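Please keep the sequence and the model open while reading.

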Amino acid sequence: MAADMRLPTIRKPVSVSTFERKDLVVPGDVITSDTGYMRGHGTYVDEEKLTASVAGEVQRVDKLICVRPLKTRFNGEVGDVVVGRVTEVQQKRWKVETNSRLDSVLLLSSVNLPGGELRRRSAEDELTMREYLQEGDLISAEVQSVFADGALSLHTRSLKYGKLGQGVLVQLSPSLIKRQKTHFHNLPCGASIILGNNGFVWLNPTPENQEEDAGGFYTSLEPVNLSDREVISRLRNCLLALAAHKVLLYDTSVLYCYESSLQHQVKDILKPEVMEEIVMLTQQKLLEQEG
Amino acid sequence: MAGLELLSDQGYRLDGRKATEVRKVQARMGVFAQADGSAYLEQGNTKALAVVYGPHEMRGSRSRTLHDRAVINCQYSMATFSTAERKRRPHGDRKSTEMSLHLKQTFEAAVMTQLYPRSQIDIYVKILQSDGGNYSVCVNAATLAVIDAGIPMRDYVCACTVGFVDETPLADLCYAEESGGVSSLALALLPRGGQIALLQMDARLHQDHLEALIEAAMIACKGVSKVLDEVVRQHLQEVSMLTAE
């Protein structure tokens, strides 16, 4: 097998333009010593001075001052679409790892069990929980509520949520996902994508009969054909390229990146110079579309 | 000691520094993509890599869970090739356990753990090349990694070692000086408020000199904090430039 090797190169310095942003703070910076302001996330009060506790940009809403760090774990809000992995099966609940600061909870009462909406959950269901979802399974879900300690409660009470079958998971930073009306997309290139708000992105081949197996606990184990696998691998590499250049991810940006990458082989997309070229093309297309 | 002159008559040290001079500090944040936060830091010839995961759900022993704040879990290790003689360093020997404990105490003083009840923050530090001042380089690298992870801190934590030779405090000892039988002191400081996060000394020193030594250490820490501050601000500008486009 021919392996591609390269020598270390000097990192190109990012040209920080003369325009310096003034709203960036680091831990310990005093934001204001005016006591009329309210303390938000990422700040604390020290000797009556409002001080930053994280490195990031200052956001002001009326009298509320927050500092939003550039990179954090996922802070869930009600209605967010997440992709997560089941870590534990407990009594009447599953624990799901969602890149949040505590594991999320999926209650047995907030999943759709086979047999329709109005089915009663019996003690028997409790005993067979592991048959529906077991440790290591991937699911897509929506945030139902947020507990006082910041843990999330999830639900899968819609046909579009549920257990995920064959596909590829890409773990990225939550701040790169653009909030949109829908996070489920069937891309025209022949794959489906779930852009979880928590930075977990799920790629799978678009199912042919969409009504039949959606939302259930049935997972198809049919072999996926080569062309579909290639499309998915290409999309995965495109996502990594976009993430490396900190481009916001939503259906259009992913699709444009996919189109720009078509002239390269799938494995070449991850080479730094190809990555740069593809991302440049994508950004250009996005700008054209906007303007 | 064997006649090693640590401070010449002209006031220069073995590596040509002045008594209060700190070695050159170079650092970079965000070196790994998969970790929540990471940083690489060189201080002279001592090089360290720090990685932060968390805050996340307690893994391993559930019993350590604290209901009012996060648990900080530190792990210090040295690469086999980090010292002059190649040596396999088994995990959890006494020296590295002690160092891990010191790192934990240092960061519990600086990180605002009460914001994350029932979670855990992991800080892993590895020395890639060791040339004295391992503890302080680890603290400095880990500070950058924690900031990169977006975990709230009261202030930077900066650390520095100081030795005492010929009635003069020497800032930021290198290995040759450390092994020369100098009584040295390690200090971790929250520079803005001047609070001491950790002070460690396991050598003999006359108490009259202690004040001067701590004073010198604090000045050196503040010097280090200026460099770290520049690194963080530069990193912030670069990343926010990229995201703005």
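B:R192 and A:D46 form a salt bridge in this predicted model, where a salt bridge means a side-chain nitrogen of Lys or Arg within 4 Å of a carboxyl oxygen of Asp or Glu. A second salt bridge pairs B:D148 with A:K71. B:D148 belongs to helix α2 of chain B and A:K71 to the loop between β7 (64-69) and β8 (81-90) of chain A, so this pair joins two chains. Helices (H or I, at least four residues) and strands (E, at least two) are DSSP runs, numbered from the N terminus.

| Salt bridge | N to O distance |
|---|---|
| B:R192 and A:D46 | 3.2 Å |
| B:D148 and A:K71 | 3.2 Å |

Residues are numbered from 1 along each chain as its sequence is written, while chains are lettered from A and ligands numbered from 1 in the order in which they are written. Local features need pLDDT of at least 70 and side-chain atom pairs count only at pLDDT 80 or more, whereas totals for chains, interfaces and linings use all residues; side-chain values use heavy atoms, with hydrogens and water left out.

Chain A gives 38 residues to the contact and chain B gives 40, contact being heavy atoms within 4.5 Å. About 3300 Å² is buried between the two chains, 53% of it from carbon and sulfur atoms; buried area is the accessible area (1.4 Å probe) that two parts lose on being put together, summed over both. In chain A, the residues that lose the most area to chain B are A:K71, A:R73 and A:R101, together 17% of what that side buries.

In chain B, 5 strands form an open sheet of mixed pairing, in the order β1-β2-β3-β5-β4; two strands pair if DSSP finds at least two bridges between them. β1 (25-29) and β4 (71-78) of chain B are at the edges with a single partner strand each, so one side of each has no neighbour in the sheet. From one strand to the next the twist averages 15°. Strands β3 (residues 46-57) and β5 (residues 119-129) of chain B run antiparallel and are joined by 9 bridges; B:H56 has B:Q120 in β5(B) as its bridge partner.

Helix α2 (residues 134-148) of chain B lies across β1, β2 (37-43), β3, β4 and β5 of chain B, at about 145° to β2(B). Axes are lines fitted to C-alpha atoms, for helices over the stretch in contact, and angles run from 0 to 180 degrees between N-to-C directions.
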